[in-house]
Amino acid sequence: MTFRRFRTIGWTLAAALALGGCTASPSADPPPTGRPVPAGGLRLVAFDSCDEALRQIRAAARAAVGPWGLGPGRDLLRFGAEAGADSGTQKAAGSASTPDFSGTNVHEAGVDEPDLVKTDGRRIVTYGRGVLTVVDPATRRQTGRLALDPAADRFSGQEGSLLLHEDRALVLLRAGRVPESTVPGRRPAPGVVGQARLVLVDLAAAPRVVGEYRIDGRMVDARQVGATARIVISSGHRLEFPQQPGERTDAQRIAANRGVIDKATLDDWLPRYEVRDSVRTVGSGRVGCDRVSRPAGFSAASTLTVLSFDLGAPALGAGDPVTVFADGDTVYSNGRRLYVAADQRWRTWRAASPEARDVSTEIYQFDTAAGTPRFVAAGSVPGWLINQYALSEWDGHLRVATTTGDTWRRERSSQSGVYVLRADGPTLKRVGAVTGLGKGERIFAVRFVGGTGYVVTFRQTDPLYGVDLRDPAAPRVTGELKINGYSAYLHPAGDGRLIGVGQDATDEGQVTGTQVSLFDVADPARPTRIAQHHVARGWSEAEHDPHAFLYWPPERLVVIPVMQSGVDTDGPGGTKRPPFGGVLALRLGDKGFTVAGAVDHPGSLADGGERTPIRRSLMIDGVLWTLSDAGLKATALAGMTTLAWVPLT
């Protein structure tokens with residue numbers, strides 16, 4: 001992979017989004033368009049013909065292939081799945097002052113993100129271990145069950161996610177395993193990871209499949225605004241390079257791999273798809289070469305396909321695929337603007353010198369306020385992002401928090417900063433910056449609230465920096481709070497309060513267990529921590545996945561899942577408190593936290609059964625619902641008494 005290729009990621013994705021309204025190509029390639037694909041102020045070239053497409057793809061692959069094959073950007077792929085205004089929680093469309101149900105904790109209100117469970121207040125829909133389940137929160141009974149992937153029962157963890165719109169659920173199933181090679185002496189193509197499946201389920205009565213879409217590759221991410229869902233798929237090539245045992249030089253290996261490339265066809269690169277209704281295949285093919293574009297320089301190792309679906313339509317349709325030769329990365333959207341960022345942090349792991357570890361993040365801005373996304377501008381900042389929460393737009397300015405330098409080697413040359421960008425023609429120009437935060441450390445959490453940014457860095461202690469961004473040209477650090485441990489997720493709670501979820505730590509930086517912190521940031525010059533709740537030897541999924549965090553403003557209730565190992569109660573040689581796996585509920589008061597209670601699920605305590613961690617929490621009509629692989633539990637807030645248990649197995 002070359003540096004030049006990574007610089008083109010944003011350009012290619014810009015064109016993909018701009019073309020989101022085009023129609024899908026049939027299985028046979030149509031006549032070539034022979035026209036450039038515009039992307040705002042940048043240009044991305046479409047192939048003049050299918051023959052020319054194959055020639056250019058082969059040439060790019062020959063130039064990029066190494067002695068061990070043509071990698072699909074393996075270092076970047078691991079970041080595509082990482083990993084997620086006001087509280088950011090989806091709420092009921094009824095009374096804004098007294099919402100009656102919570103939803104997925106998302107970055108920006110109104111821009112939904114896929115998750116394990118969804119609710120509209122009338123039903124709870126969850127997907128796990130291959131089965132979609134519908135529960136009626138009023139009767140507290142299961143009302144529907146639909147097996148979508150029986151093979152998934154063999155595995156635990158998150159193998160799929162959901163989007164919900166009215167009586168339709170879109171189930172996003174991640175790709176399967178890499179298939180074994182069928183050619184003797186050949187390795188499996190490293191970029192092929194099976195098929196991603198998108199299943200549309202009607203929930204009006206008993207759940208039933210009304211459509212399915214399958215495409216080569218894996219799901220990177222998805223976003224939903226209203227009924228429109230956009231799905232991003234990353235696909236690898238299908239080339240199988242020969243295994244070359246014995247003493248071979250790199251030049252000999254490369255020559256053999258180029259021989260494979262010279263014989264390849266378009267079918268070895270372009271994603272294939274299949275459209276099904278409830279019982280049969282109604283269309284299939286591969287993305288046509290008229291639907292594919294390329295930047296000036298590319299490696300042909302992988303493609304990125306953007307699919308668009310109307311969840312209110314009778315069927316899924318062909319997904320309107322648009323494909324570009326690129327990889328995918330971090331996405332942030334506030335509904336009016338969409339930003340796509342591509343960083344190169346993988347280079348800091350491989351670089352031999354500090355100078356070579358100076359990477360940058362390129363950012364591309366799109367206008368999504370009306371209709372088809374429109375590319376606006378592109379820019380870059382030094383360093384790399386921790387996740388989508390490091391990006392935020394306010395008053396027409398984009399704020400970006402990054403870490404530069406090396407945090408993995410002994411010299412620890414890292415530091416962090418916040419940069420302010422604004423579109424000026426086709427360029428996202430830097431109008432202000434504040435740097436030098438947390439020298440020798442890296443960013444663990446970021447949250448922007450209005451004109452203020454909060455940045456947590458960590459190595460041995462946790463500096464919480466407050467950054468005044470009201471003057472975009474002159475951002476400045478207004479205050480700093482140093483405490484042991486760190487926050488990995490920050491959540492605004494109103495009235496100058498900020499909730500942090502992370503780990504407590506010793507003076508030497510050794511983590512000791514989950515901590516929930518309450519910060520008073522009303523005075524920007526003097527941020528303070530006014531309360532802390534510590535769970536010894538605990539950890540929470542909310543530390544790395546904000547979807548696991550619930551803050552319910554009407555009750556000022558914080559709910560997080562916690563797993564805790566056994567704790568000595570009588571010192572060395574004494575008895576041990578059993579490990580806990582459940583959710584912790586804390587009520588936020590004027591001076592700190594009070595414990596509202598805890599909820600566990602059957603099998604989640606150390607009673608000889610399998611530990612079943614609770615993954616998510618929801619509020620519906622004053623009832624706390626918690627989800628694990630084993631089932632859903634309804635709990636009354638008063639006394640934390642169990643109202644119902646709905647098994648999912």
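Which residues of α5 are buried? They are Arg-253, Ile-254, Asn-257, Val-260 and Ile-261. Buried means under 20% relative accessible area, exposed over 50%, and partly exposed in between, with a 1.4 Å probe and protein chains only.

This is a predicted model: local features need pLDDT of at least 70, side-chain atom pairs count only at pLDDT 80 or more, and totals for chains, interfaces and linings use all residues. Residues are numbered from 1 along each chain as its sequence is written, and side-chain values use heavy atoms, with hydrogens and water left out.

**Overall make-up**
- The protein has six helices and 46 strands. Both are DSSP runs numbered from the N terminus: helices are H or I with at least four residues, strands are E with at least two.
- Of its 649 residues, 57% count as buried.
- The protein exposes about 25900 Å², and carbon and sulfur atoms supply 50% of that area. Accessible areas come from the Shrake-Rupley method with a 1.4 Å probe; for residues, only the protein chains shown count as cover.

**Helix α5**
- Helix α5 spans residues 250-263, 14 residues in total. From first C-alpha to last it reaches 21 Å, close to the 20 Å expected at 1.5 Å a residue. The expected span is 1.5 Å times one less than the number of residues.
- An α-helix has 3.6 residues a turn, so residues three or four places apart point the same way.
- The face of α5 turned away from the buried side carries exposed Ala-251 and Lys-263.
- The cover over the buried residues of α5 includes α3 (50-64). Contact means heavy atoms within 4.5 Å.

**A six-stranded sheet**
- An open sheet runs in the order β9-β10-β11-β12-β15-β16, with antiparallel pairing. Two strands pair if DSSP finds at least two bridges between them.
- β9 (160-165) and β16 (281-286) stand at the edges, each with a single partner strand, so one side of each lacks a neighbour in the sheet.
- Neighbouring strands of this sheet are turned by 15° against each other on average, direction ignored. Axes here are lines fitted to C-alpha atoms.
- Six bridges join β9 to β10 (residues 168-173), and the two run antiparallel. His-165 has Arg-168 of β10 as its bridge partner.

**Arg-459**
- Arg-459 sits in the loop between β29 (452-458) and β30 (461-468).
- At 41% relative accessibility, Arg-459 counts as partly exposed.

Key
Axes are lines fitted to C-alpha atoms, for helices over the stretch in contact, and angles run from 0 to 180 degrees between N-to-C directions.
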